[in-house]
Amino acid sequence: MGTRRKALKSLISIPFIGGVLSSNELLTYQNGNLVKLNRDYFKELGIRTFINAAGTYTSMTGSLMPKEVIDAINYGSLEYVNLDELQDKVGERIAELLECEYATVSSGCFGAMSIAMAGVMSGKDPKKIKQLPDTTGLRNEVILQESHTIGYAQALTNVGAKLVKVKTAEELENAINKKTAMLWFLNANTDRGDIKWEEFVSLGKKHNIPTFIDCAADVPPVDNLFKFTRIGFDMVAFSGGKGLRGPQSAGLLLGKKEYIEAARLHTPPRGETIGRGMKVNKEEVLGMLAALELYLSKDHQAEWKMWEDQIDLISESAKSISGVETTIHVPPHANHVPSLKIRWDESKVNISPDNVRKILREGSPSIETVGNKNEIGITTWMMVPGQEKIVAKKIKKILKSHKI
Ligand SMILES: *Cc1c(COP(=O)(O)O)cnc(C)c1O
């Protein structure tokens with residue numbers, strides 16, 4: 001009862017959520033300098049902005065781009081270039097940086113999967129390129145482990161491929177036939193599958209079928225940018241707008257030149273292709289390169305320490321309320337960052353995690369977290385440093401006010 005009234009009250013007290021920003025100056029970067037913006041679009045539009053204590057979610061617009069990335073985007077907006085020439089040169093630069101054969105900037109990791117799949121099915125034959133998603137006469141099967149099945153596999157079926165699911169290496173070998181176009185691996189689910197990286201790659205090599213690994217959310221650690229091409233995956237894809245903090249609509253496709261060139265043949269400026277809608281503009285291509293360069297040059301240990309300190313701060317603050325427990329964990333694959341779970345005994349703190357999350361969301365400033373009916377989940381890597389203090393204070397305040 002008390003909970004519901006409080007939640008409602010906090011809703012009513014913010015008639016216009018964008019208004020909370022009015023006391024702050026809106027700043028952005030231009031040529032490395034902070035400049036004041038004279039329009040507040042989100043406020044004008046009545047759009048809620050929030051502290052992202054959740055993580056890299058497309059629904060929450062991913063990550064925030066650092067100034068070097070914004071500078072590259074602004075720079076790119078000032079001149080015309082040939083799109084293919086830009087992609088060629090940036091692809092070469094990225095391949096050099098990541099010590100792999102070739103690379104291209106794709107429209108997200110999902111886009112990388114679609115154009116890669118299309119490319120292995122069509123090769124460089126213009127007729128076959130134009131015919132997709134009709135795969136008549138083409139190799140169109142992609143083999144994956146059943147435990148690696150996720151919704152994002154739609155990126156493969158969208159271009160006409162058929163998923164063939166297996167459990168063991170033996171089943172995988174038996175599934176290979178004249179129609180097999182690719183073997184697809186989901187790094188996030190590595191631990192759940194029977195077949196691990198090296199064996200998967202060797203099966204591909206043994207049967208001369210290209211292998212692909214979805215590493216969308218697998219930066220950090222930075223080593224992952226090098227590791228999987230080194231292990232021998234023919235194609236490796238990362239999201240540009242997650243840990244790399246590049247444009248949210250960009251991604252990286254790394255690997256063997258022959259496959260990436262075939263994938264590129266499905267992308268703009270070429271029009272009669274299945275990938276025509278997966279355009280990456282010159283600003284995003286440069287932004288992606290700048291994001292990657294910045295990421296590679298960053299002090300990863302210092303960043304990790306900052307995340308640990310932030311998580312500790314929030315954890316200690318929540319735990320100071322009796323009946324509240326926290327656990328800190330680091331997922332081994334995908335979203336590999338210090339992460340916090342907050343739980344409590346509802347006979348001591350009389351509010352549900354869902355309601356705490358709702359109050360956080362409806363508060364000022366608004367705070368987004370993840371979780372379920374048992375716990376609140378928090379990461380700090382997508383926050384602006386300093387915001388962890390606001391989050392720590394707010395969670396403690398809510399929990400304290402529901403103490404019995
Ligand atoms: C985020 C994600 C994708 C999609 O990546 P985008 O860059 O948003 O296109 C694909 N696969 C996995 C495992 C992901 O986490």
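Select C109 and the ligand: a polar backbone atom of C109 is 2.8 Å from an oxygen atom of the ligand. This is a polar contact, that is, a pair of N or O atoms within 3.5 Å. The model is predicted, local features need pLDDT of at least 70, side-chain atom pairs count only at pLDDT 80 or more, and totals for chains, interfaces and linings use all residues. Residues are numbered from 1 along each chain as its sequence is written, and side-chain values use heavy atoms, with hydrogens and water left out.

Next, select F110, where a backbone N or O atom lies 2.9 Å from an oxygen atom of the ligand. Then go to S239: an N or O atom in its side chain is 2.7 Å from a ligand oxygen atom. On its own the ligand has 390 Å² of accessible area, and the protein covers 85% of that (Shrake-Rupley method, 1.4 Å probe).

Now show the shell around the ligand. Its residues are T58, G108, C109, F110, M113, I150, Y152, L186, D214, A216, S239 and K242, each with a heavy atom within 4 Å of the ligand. Helix 5 (residues 108-122) gives the largest share, four residues; helices here are DSSP runs of H or I with at least four residues.

For the aromatic rings, select F185, W197, F200, F228 and F233, which ring pairs link into a cluster. Rings of Phe, Tyr and Trp (its six-membered ring) pair if their centres lie within 6.5 Å. The count by this rule is eight aromatic pairs.

Last, select Y102 and K257. K257 lies over the face of Y102, 4.9 Å from the ring centre; for Lys, this requires NZ within 6 Å of the ring centre and within 35 degrees of the ring normal.

How values were computed:
Polar contact = N/O pair within 3.5 Å; in protein donor to acceptor, adjacent residues only side chain to side chain. Helix = DSSP H or I, 4+ residues; strand = E, 2+ residues; numbered from the N terminus. Phe/Tyr/Trp six-rings, centres within 6.5 Å; stacked < 30°, edge-to-face > 60°.
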